[in-house]
Amino acid sequence: MSTGAGRSRSRAWPRLLAVTIVTVVLLWAAFTLYTVGQPLLGAIILGLATGFAVIFGSDRFYGSRFIFPGIAAVLVFIAFPVIYTIYIGFTNYSSSNLLTYPRTIEVLTARGTVDQTTEQPFAIAADDGEYRIWLPESGLLSDPVTLTEEETAALSPAPAPQALLDRREAIALRDGLSRLTLETPDGQLIRNAGLRSFALVIPDYVQTGPDQLTRNDGQVLTANHDIGFFQTEDGQAVSPGWRVNVGLANFERIFTSAGIRGPTVEIFLWTFVFAGLSVTLCFAVGLLLAVILQWEHLRLKPVYRVLLILPYAVPSFISILVFRGLFNQNFGEINLILEALFGLRPNWFTDATLARTMVVIVNTWLGYPYMMLLAMGFLQSVPEDHKKAAVLEGASSIRVFFTITLPQIIPPFLPLLIAAFAFNFNNLVLIFLLTRGLPDIPGTVIPAGKTDILASFTYRLAFDNAGQQFGLAGAITLLIFVVVAAISYANFVAMRRAAARRLGRSA
Amino acid sequence: MIVERPRDLRIKKILAHGFLLIFLALILFPFLMVLSISFREGNFAVGSLIPENPTLEHWVLAFGFDYTRANGDVVSPPYPVLLWMWNSIKVGVIAGLGVLAIATISAYSFSRIRIRGKGAMLDTLFLIQMFPTTLALVAIFAIFDALGDVTPILGLNSHVALILIYLSGVTLHIWTIKGYFDSIDRALDNAAAIDGATPWQTFRYVFLPLAVPIMAVVFVLAFIGFINDYPIASVLIRSESQMTLAVGARLYLNEFRYLWGNFAAAAILSGLPITIVFLIAQRYLVRGLSDGAVKG
């Protein structure tokens with residue numbers, strides 16, 4: 001022990017140096033986040049930096065060093081986003097209220113109207129790696145500008161420069177031009193007003209006080225921090241808005257607006273049906289196959305086994321898209337075969353019941369191999385002599401299965417079935433790649449489909465093109481969160497029981 | 001086990017094989033169809049199982065080359081499949097190694113080092129493991145949107161951001177490796193401690209070499225999970241050149257531009273390596289799976 005301790009002491013300074021560097025970098029990141037208006041995230045990083053410095057800097061917390069990375073990853077990437085999602089559920093964050101308050105003021109005050117009467121063409125002259133702007137109509141030439149950053153340059157009367165850049169070279173410089181302000185000799189500020197001209201640009205909004213903007217028509221706008229918009233005197237809101245806390249408004253919308261409550265309830269129920277059916281069918285099919293594969297008189301078992309787990313081996317996003325093509329109503333192979341055999345052409349994607357059936361079929365296809373693999377493992381542990389005894393008593397093989405085998409494999413299976421339920425409860429990939437939640441539920445005010453599950457529903461609310469309603473999506477996520485927490489706890493209890501049973505048996 | 005009458009046994013055997021063969025025909029049908037479609041002419045041409053006019057067009061395009069048709073038309077590849085595949089593999093390998101490092105170290109400490117509140121931490125980990133990252137998509141988007149203002153490396157459309165989020169998949173794997181470490185005899189690390197090894201040295205020279213098989217399983221499982229991820233990648237990645245395979249593959253079957261044939265070739269090309277890895281590793285994966293994982 002003494003040699004180990006001695007070595008670690010002599011090696012202490014490189015460790016302390018590394019800890020200091022990492023801590024300083026983290027502190028810098030925390031401060032930067034604070035300055036760009038993300039105090040919450042900054043505080044998290046600050047906490048992380050402190051924890052890191054204490055645990056790795058001092059010898060007292062040697063054991064905790066091993067756990068720190070895992071705990072930090074879970075806190076930062078799972079706990080924090082979940083809490084942040086819930087927080088967003090209490091805000092009006094959406095495509096109409098996307099920005100922070102300072103950014104909103106910046107965007108509004110940057111808007112301007114071009115004064116047509118002052119508009120005049122321009123040309124650019126190169127000057128030792130810098131540029132000069134030449135206004136031929138008024139005969140003015142600017143001081144040299146770099147056209148790489150926000151700049152202001154004075155104009156003065158001058159003869160026309162000899163070499164002017166041609167049109168294409170001038171267009172390549174338009175980013176720099178858009179940030180350039182020129183000052184005429186009589187004090188007017190003119191700006192780039194399009195590809196070909198400079199003109200006097202009158203700002204639409206000028207900040208005239210805290211929380212107050214004056215529009216160029218004299219109208220005074222006041223910031224309303226309850227709804228996150230600037231409002232005119234008669235209460236009209238001006239876009240864009242910013243994010244504010246709206247309390248329980250999103251939850252009120254979910255529970256009171258019929259256009260939202262209706263589809264939410266329907267999707268909620270379908271999510272349970274979908275997850276339940278998927279788990280049941282996968283379990284039944286997987287177990288049946290495992291039982292057949294376990295039969296001692298069956299030959300070619302390894303071949304069957306490899307072929308049967310193929311659906312599990314292929315990346316799921318590929319399989320799901322393959323089915324999307326095969327089920328295609330007009331030129332999908334499944335409908336071709338059905339038409340040839342029975343003269344049927346089912347509308348897999350437009351009929352609600354058929355679409356839901358298709359989703360369950362595909363999910364069973366994807367999921368049974370997992371259950372089969374597990375069942376093959378668990379079936380091994382069922383004692384052979386129990387079955388033998390039952391058969392000697394005259395029980396049929398089906399009777400043996402239901403009275404001897406099944407009751408013995410259900411307990412260890414239970415936690416895994418609950419986990420599979422939780423997985424399917426949030427099986428966004430399947431729904432999204434196969435149907436995108438379509439067909440739509442009629443009469444809704446938000447995008448909601450017959451095959452949507454809660455997770456895909458919130459995804460569409462947040463990331464579909466039609467109005468990104470992050471706040472509403474966050475509120476629904478909180479509802480899902482409660483359900484998942486309940487499932488998760490049930491699984492925890494089931495896992496504990498299964499573990500206790502295993503221990504009891506081995507003792 | 002039980003003596004059965006030969007006649008019954010024969011009927012049972014025929015029934016079992018018959019059932020399995022019919023079931024296999026249903027299961028393998030999609031694979032055969034995709035193979036057939038990838039050699040067919042056109043992008044949704046109807047045809048028989050064995051293509052009448054087999055063409056390599058879709059395959060040439062999938063490998064990223066221009067294809068010249070018989071009538072002289074030159075077709076360009078619609079999407080950079082190989083680039084997407086490279087992105088997927090890059091992100092998957094880096095995130096997989098990261099997860100492996102964090103999970104192995106954490107699992108070792110949870111299994112062997114005395115820390116106060118360990119039981120509570122383990123219970124919390126188990127509960128958290130059930131919450132998929134997809135629940136926090138809105139927040140993930142908002143967070144990385146904000147981080148992008150600090151540095152574009154951590155912003156939207158960045159692979160670094162994607163890898164960081166994938167590291168949160170670590171909980172499940174901590175659990176798997178811990179189960180393995182728990183089964184290692186305590187006499188081993190006690191002996192190491194008596195010889196003067198620090199906990200880190202015990203981990204590095206005793207546990208790490210022993211853990212290689214389970215680490216391989218965890219890496220493959222994590223890697224497959226990341227390759228298969230659609231929701232997170234689709235939220236974080238926007239531009240075509242940064243896309244992973246799972247996000248990009250969807251573009252082939254757009255309602256307005258339905259490239260069924262090209263998709264088939266690209267799907268086989270990109271799915272084959274992962275499938276082969278999985279089939280080779282399947283024996284070992286079974287144990288990793290039954291320790292409580294669910295395929296993503």
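In chain B of this predicted model, confidence, expressed as pLDDT (the predictor's confidence in each residue, from 0 to 100), is lowest in strand β4 (residues 257-258), at a mean of 76, and highest in helix α3 (residues 81-112), at 89. Over residues 292-296 of chain B the pLDDT falls below 50, although this stretch has 19 contacts in the model beyond near neighbours in sequence, a contact being heavy atoms within 4.5 Å. The mean pLDDT of chain B is 81, with 91% of its residues at 70 or more, and for the complex the predictor gives an ipTM of 0.83 and a pTM of 0.78. Local features need pLDDT of at least 70 and side-chain atom pairs count only at pLDDT 80 or more, whereas totals for chains, interfaces and linings use all residues. Residues are numbered from 1 along each chain as its sequence is written, chains are lettered from A and ligands numbered from 1 in the order in which they are written, and side-chain values use heavy atoms, with hydrogens and water left out.

Chain B contains 13 helices and four strands, assigned as DSSP runs numbered from the N terminus (helices H or I, at least four residues; strands E, at least two). The radius of gyration of chain B is 25 Å, well over the 19 Å that the globule rule gives for 296 residues, so the chain is more spread out than a compact globule; the radius is taken over C-alpha atoms, and the rule is 2.2 Å times the number of residues to the power 0.38. Buried residues (under 20% relative accessible area, 1.4 Å probe, protein chains only) make up 53% of the 296 residues in chain B. Among contacts in chain B between residues at least 6 apart in sequence, 66% join residues at least 24 apart.

Chain A has 19 helices and 14 strands. Its radius of gyration is 34 Å, well over the 23 Å given by the globule rule for 507 residues, so chain A is likewise more spread out than a compact globule. Along the principal axes, the C-alpha trace of chain A spans about 115 × 85 × 50 Å, and 48% of its 507 residues count as buried.

Within chain A, A:N92 is placed in the loop between α4 (62-88) and α5 (101-110). With a relative accessible area of 15%, A:N92 is buried. Residues up to four places away in sequence not being counted, A:N92 touches A:N97, A:I227, A:G228, A:W242, A:R243, A:V244 and A:V246.

Terms used
Buried means under 20% relative accessible area, exposed over 50%, partly exposed in between (1.4 Å probe, protein chains only).
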